[in-house]
Every structure is written in structure tokens, then in C-alpha cells.
Amino acid sequence: MEGDEEEDYMSDSFIKQDVRPGLPMVRRVKEAIQKEEKQKEANEKNRQKSIKEEEKERRDLVLKSALGNENKGFALLQKMGYKSGQALGKSGEGIVEPIPLNIKTGRSGLGHEELKKRKAEEKLENYRQKLHMKKQANEQAADQFRIRFKNKQEERKMEGDLRKSQRACQQLDMQKDIEVPKETWFWIEPEEEDKKDEEDKEDECTSSDLSVSEKLQILTAYLRKEHFYCIWCGTTYEGENSEDLSSNCPGDSAADHD
């Protein structure tokens, strides 16, 4: 329009304007936030308070204000010489402030809070007992694992001693021209055998259902008696009643030589 003055782009007002990129967007965001906060404040003022909120405000207002002469109890105290701010009692050792009110606003009956507290304590105690039982179970499992591991190690050691005894028995028997062992398990079985006698071998295994420790005890006793040999000492002695054999090998089990 002709009446409008044209903007002078060389004027100070135009040059001093902040034209940094993104600045108008920041301004718009700030203005929107301020507008939203003002709207919330207006809604809060215009909102109708509930009956409970109004009762609470009136109650807090009355409790904050000091008692006046219109209060009958306070008037009786003043007649007996009480002054505002003074402690109760002849010597002034009583309370100064009135006993605070503990107003119950919920619908639960009397003793409900104590019941909730007791249930919470019982729940906590049950949780602690479960943790204790779980800890004991973990400790027992760890002890059982250690025992199994130890027994497995001892069993492996006895199996190694049994194989050692079988090799020694086979070598010593062959030196005496013994072609068949006294028991089938006295010698180490060859790795590759004919498969025609598999059923017979299964029968022999079931008939000699002995543990590793029992086999080791029987085989070491056989070596001591027949060949005067001790696998742990690695020595062949002169006789079964030799002093060296009886002194160095006091027992027939592996535990006696550990």
C-alpha cells in the first residue's frame, strides 16, 4: 500500500536483529512452553476442589491458628493461671504444644495398619528363611560335588593301579610260563579281539561283578603271594614272609601305600 513506509534495510533496527540459524524455532518452543504452563495454572485455579481437599484446607488452617479465649478449654486453663506458650504442670515440665491429630481418611477398619505391618514382617521373615534354605542347599550341593570329585579322583587312581597290577601280573605270569591267567581280569585284555565270543565275555563280566577296589585288593594279594611283588614299591622280594615285604607293604590296599 502507498501509506505504508518501506522498511529501510540499512537502518540500525534491521542490522541489530539476531538472524542466527534456528533461533526463531527456539523462541517458538519457549513461547509454547510458557503458554502451556500458564494454561495449567489457570486450569488449577478454576478447578473445583473436592470435598476432602476443602476439609483438609479448613482443618490445616484451624490447626495452624492458636487457640483463643472463645475456646472453653483454653479459657479454663487461663483461669487456673496458664499463659500462652507455657508448658503444662505445676513445675512446667509438661507438653507445650497440643497432642497432634492422627486423622484417618481411608475406609479400612481399626487395626488394619497393624495387620498390614504384621503381614509385611511375616513376608520378610519367610523371604529370609527361603534365602537361608537356598544358601544351605547350595552349600550342601557344593559339599556333595567335592565329595563326588574326590571319590572320582580316588576311583581313577585305583583304576590306574589296577591296570598297573594287570600289566605286572601278565608279565610275571608269562615269565613263569603261565599261559592262562587265574582270573580273566588278572591280565589286560587286548584292544582288538575276535568278536565270536562276545556273549561268553558278557557272561564272564556278570559273573565277576566286582568293584575296582575289590579287584585291586585281590590282584595285589595274588602278586604278593605268587610273585612276591608289590606294584607300589616296584620291587620283587625273596619271599612272601620277607622282612622287607612286610615292612614296606603293611597292607594290601592302595590307601596303605599313599
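Which element supplies the largest share of the lining of the largest cavity? In this predicted model, that share comes from helix α7, which contributes three residues. Helix α7 (residues 212-226) also packs against helix α5 (residues 112-175), their axes coming within 9 Å of each other, and the two topics are taken in turn below.

**Packing of α5 with α7**

- The axes of α5 and α7 cross at roughly 30°, and because angles under 35 degrees count as roughly parallel, α5 is described as roughly parallel to α7.
- The crossing in which α5 passes α7 is left-handed.
- On the α5 side, the contact is made by M158, E159, D161, L162, S165, Q166, A168, C169, L172 and D173, while on the α7 side V212, S213, K215, L216, L219, T220, Y222 and L223 take part.

**The largest cavity**

- Counting cavities of 30 Å³ or more gives one, and the largest cavity holds about 30 Å³ of space.
- The lining of the largest cavity is formed by T220, L223, R224, Y229, C230, I231 and W232, of which T220 and L223 also belong to the α7 side of the contact with α5.
- Both α7 and strand β1 (229-230) supply at least two residues each to the lining of the largest cavity.

Terms used
Residues numbered from 1 in each chain as written. Predicted model: local features only at pLDDT ≥ 70, side-chain atom pairs only at ≥ 80, totals over all residues. Heavy atoms only, no water. Axes fitted to C-alpha atoms, helices over the stretch in contact; angles between N-to-C directions. Helix = DSSP H or I, 4+ residues; strand = E, 2+ residues; numbered from the N terminus. Parallel < 35°, antiparallel > 145°, perpendicular 65-115°, else oblique. Left-handed = near helix turned anticlockwise from the far one by under 90°. Contact = heavy atoms within 4.5 Å. 1 Å grid on protein atoms, 1.4 Å probe; cavity = no way out; pocket = protein on both sides within 12 Å on 5 of 7 lines; lining within 4 Å. Points joined across faces, edges and corners; volume = space filled by probe spheres on them.
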